[in-house]
Amino acid sequence: MRILVTGGAGFIGSWYVRTLLDGGYLGYEQAEVTVLDKLTYAGNRGNLPERHERLTFVQGDICDLPLLLDLLPGHDAVVHFAAESHVDRSIDDAAAFVTTNVVGTQQLMEACRRTGVRRVVHVSTDEVYGSIESGSWTEEWPLAPNSPYAASKAGSDLIARAYWHTHGLDVSITRCSNNYGPYQHPEKLIPLFVTNLLAGEPVPLYGDGSNIREWLHVSDHCAAIHLVLTKGRAGAVYNIGGGNERTNRQITDVLLQLCDAPPELVRLVADRKGHDLRYSLDDSKIRDELGYAPAVPFEEGLAATVAWYRENPQWWAPKDRTGVAG
Ligand code: NAD
């Protein structure tokens, strides 16, 4: 079994690859893994073992069709994580989001089709559904993405689906809620707040902090992706949720406690443009069909995540902060 993982040097992709290499997925202990990653600002080669007998690392772009056509033959499956992933950056400049997320996904699906890859999982997000005041989205909910990031992910979902419908590509699509855990880039809410608070610096809370997100530990997301890879149906979409809905204010209060930081460090800042109020997934399909059940209790997972950032300042502290963080 040979699996190609795009974006495998990023936050979630690297967790998936490390777990594969550690033999963490039953029946895949001998799987050979190829990581294809452009190593943008968000990718970090150090998130993966420097050397491993079952790992091949290729620095490259999913938009590069000749590279994909060269690389893919011999692979049984592709798990597609690579993306531009930060909403705020997509508000500042959406071009790279359309290029990587839409065009890159199309090039990847095309290469999978041409080289006869037997199984593909396209990793997407709950943000494609927009915002929901009450209740939860099922997979049949219309797509109404609000940020350029979410719109580019919705576009990539539809491309993946079209390659299934038109060409019979065996691809499933996952839509997960917000992830947290170690190795997440400090631009995202939880690691930004943790690393700032550990360094004794203020944290910027958008608006009045009432926006609600549903949180899932990265290990549960990756386990669900692997379940979809091995048991999911072609052309099907699977929501992956955790049921842990929290306001940003609630998250901030827990992080203040876990980091032993004073509440004065919280600064309310002007709200994000077009900020979605609430995300909530109905994930009964993957639970009923594939037996998915998240394993990490939120409070435990969050405490372990804070402990990891506390113990690994060399991973996140920029040079001008080194020493402060340690
Ligand atoms: P990330 O930003 O940490 O990592 C993205 C990785 O993709 C990086 O290693 C980067 O170098 C690589 N990459 C970017 N452009 C590339 C290109 N053109 N070619 C090859 N590699 C490229 O992102 P993440 O948080 O790990 O998210 C991974 C996937 O999961 C994304 O598709 C994202 O939309 C999805 N997702 C993320 C979350 C979350 O909470 N982080 C939730 C649901 C879904």
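In the predicted model, a polar side-chain atom of Ser 85 lies 2.6 Å from an oxygen atom of the ligand. A backbone N or O atom of Ile 12 is found 2.8 Å from a ligand oxygen atom, and an N or O atom in the side chain of Thr 100 is 3.1 Å from a ligand nitrogen atom. Taken alone, the ligand exposes 840 Å², of which the protein buries 96% (accessible areas by the Shrake-Rupley method with a 1.4 Å probe).

The ligand is surrounded by 28 residues, the closest being Ile 12, Asp 37, Ser 85, Tyr 149 and Lys 153 (a residue counts if one of its heavy atoms lies within 4 Å). This shell divides into 12 nonpolar, 12 polar and four charged residues, with Gly counted as polar. β5 gives the most to the shell, three residues (helices are DSSP runs of H or I with at least four residues, strands runs of E with at least two).

The second largest pocket holds about 210 Å³ of space, the volume being that filled by probe spheres set on the grid points. A pocket is an open set of points on a 1 Å grid where a 1.4 Å probe fits, with protein on both sides within 12 Å along at least five of seven lines; lining residues have an atom within 4 Å of a point. Among the 13 lining residues, Glu 139, Arg 161, Arg 175, Gly 235 and Val 237 are closest to the pocket centre. The largest share of this lining, three residues, comes from α5.

Residues are numbered from 1 along each chain as its sequence is written. Local features need pLDDT of at least 70 and side-chain atom pairs pLDDT 80 or more, while totals for chains, interfaces and linings use all residues, and side-chain values use heavy atoms, without hydrogens and water.

Key
A polar contact is a pair of N or O atoms within 3.5 Å; within protein, one must be able to donate a hydrogen and the other to accept it, and residues adjacent in sequence count only if both atoms are side-chain atoms.
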